[in-house]
Amino acid sequence: MNRKYRKTVIAGNWKMNMLASTVKPFMEELKANMPKVRPCEVVLCAPAVIVPTLLKAGKDCKVAAGAQDVSKYEKGAYTGEVSASQLADIGVKYCIVGHSERREYHGEDDMLVNAKAKALLEKGIVPIICVGESLEQREKDLTLEYIAYQIKAALNGIDATQVRRCVIAYEPIWAIGTGRTASAQQAQEVCEHIRAVIRGIYGARPARAVSILYGGSMNAKNAAELLAMPDIDGGLIGGASLKPVDFAAIVAATDQE
Ligand code: PEP
């Protein structure tokens, strides 16, 4: 982490879990376990129908509400879609785009991820842009090349002012929901590379302002080591974000120099 230049962010991704009726007890338990002094920005990304409940319950606990997806379209005849204006209108501050599960199960490609990130930025919502290699790509030593490609594609047409507001999440696909975490060194290597790619496009100042998160089986035990890395500015957390005590422990693990 480097608090001098950028924000530390711990974002939970509830995926298709939780019910509106379980948000309040979750938040009460989270609040009871949170560190008294909040060392970072805390976000929970919920399914769209649960976001309004989360917005209300999150206020008391100083947790920002995030969404997990957005339409690339502004408005109109797109049944089932939710627009960036609709998210912004109710107070959503963050939204995940390009999660590997959306890429894999919903055919989202880099162009679509780019269009969604731009739609969010236009409405003042921070896109949490996910990138990550498969196990096969890692084993073939293609990780850095592939990540550079994904970053360039996701940021295409986004200017230097806007890029400072983006959050990038490096999520190796082989580490998501598998219990297999990238080592702190592996995660740092890729996060440092992501910053170098951003520096190559926008220059040093925007690059050092972008928060880069690690995601992939981050938990209460391994968080401190990952977060101690200089280019890892937080985490995107799936499984452990469903357990208030563990999620609060990850937040507490950001309290380090
Ligand atoms: C995720 O889905 O973004 C994620 C990182 O999941 P998990 O923490 O469960 O690996």
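## Aromatic pairs

The structure holds four aromatic pairs, where rings of Phe, Tyr and Trp (its six-membered ring) count as paired if their centres lie within 6.5 Å, with planes under 30 degrees apart called stacked, over 60 edge-to-face and the rest tilted. One of them joins Trp14 and Phe26 in an edge-to-face arrangement, with 5.0 Å from centre to centre and 80 degrees between the planes. Trp14 sits in the loop between strand 1 and helix 1 (20-33), while Phe26 belongs to helix 1, so the pair ties together parts that are twelve residues apart in sequence. Both Trp14 and Phe26 are buried, a word that stands for under 20% relative accessible area, as exposed stands for over 50% and partly exposed for what is in between (1.4 Å probe, protein chains only).

## Basis of the description

This is a predicted model, in which local features need pLDDT of at least 70 and side-chain atom pairs count only at pLDDT 80 or more, whereas totals for chains, interfaces and linings use all residues. Residues are numbered from 1 along each chain as its sequence is written, and side-chain values use heavy atoms, with hydrogens and water left out.

## The barrel and its helices

Eight strands close into a barrel in the order 1-2-3-4-5-6-7-8, with parallel pairing; strands (E, at least two residues) and helices (H or I, at least four) are DSSP runs numbered from the N terminus, and two strands pair if DSSP finds at least two bridges between them. Neighbouring strands of this sheet are turned by 25 degrees against each other on average, direction ignored. Strand 1 (residues 9-13) pairs with strand 2 (residues 41-46) in the parallel sense over five bridges, and here Ile10 stands opposite Val42 of strand 2.

Helix 7 (residues 143-154) packs on the sheet and touches strand 5 (126-131) and strand 6 (167-170), its direction making about 150 degrees with that of strand 5. Such angles run from 0 to 180 degrees between N-to-C directions, the axes being lines fitted to C-alpha atoms, for helices over the stretch in contact. Helix 12 (residues 244-252) lies across strand 1, strand 2 and strand 8 (234-237), and runs at about 160 degrees to strand 1.

## Nonpolar cores

A nonpolar core is a set of buried Ala, Val, Leu, Ile, Met, Phe, Trp, Tyr and Cys residues joined through side-chain atoms within 4.5 Å. The largest has 73 residues, of which Met27, Leu30 and Ile194 touch the most other members, and helix 9 (residues 184-202) gives the most to this core, with eight residues.

Apart from its neighbours within four places in sequence, Ile194 is in contact with Val131, Ile147, Ile151, Ile168, Tyr170 and Ile212, contact meaning heavy atoms within 4.5 Å. A second, separate core of 14 residues includes Val43, Tyr94, Ile96 and Val126.

## Salt bridges

The count comes to 15 salt bridges, each being a side-chain nitrogen of Lys or Arg within 4 Å of a carboxyl oxygen of Asp or Glu. Among them, Lys31 and Asp60 meet at 3.1 Å, N to O; Lys31 lies in helix 1 and Asp60 in helix 2 (residues 51-61), so this pair ties together parts that are 29 residues apart in sequence. Lys31 is partly exposed, with a relative accessible area of 40%, and Asp60 is exposed, with a relative accessible area of 55%.

Another salt bridge joins the side chains of Arg195 and Asp233 (2.8 Å, N to O), and both of these residues are buried. Salt bridges that share partners join Arg6, Arg195, Asp231 and Asp233 into one network.
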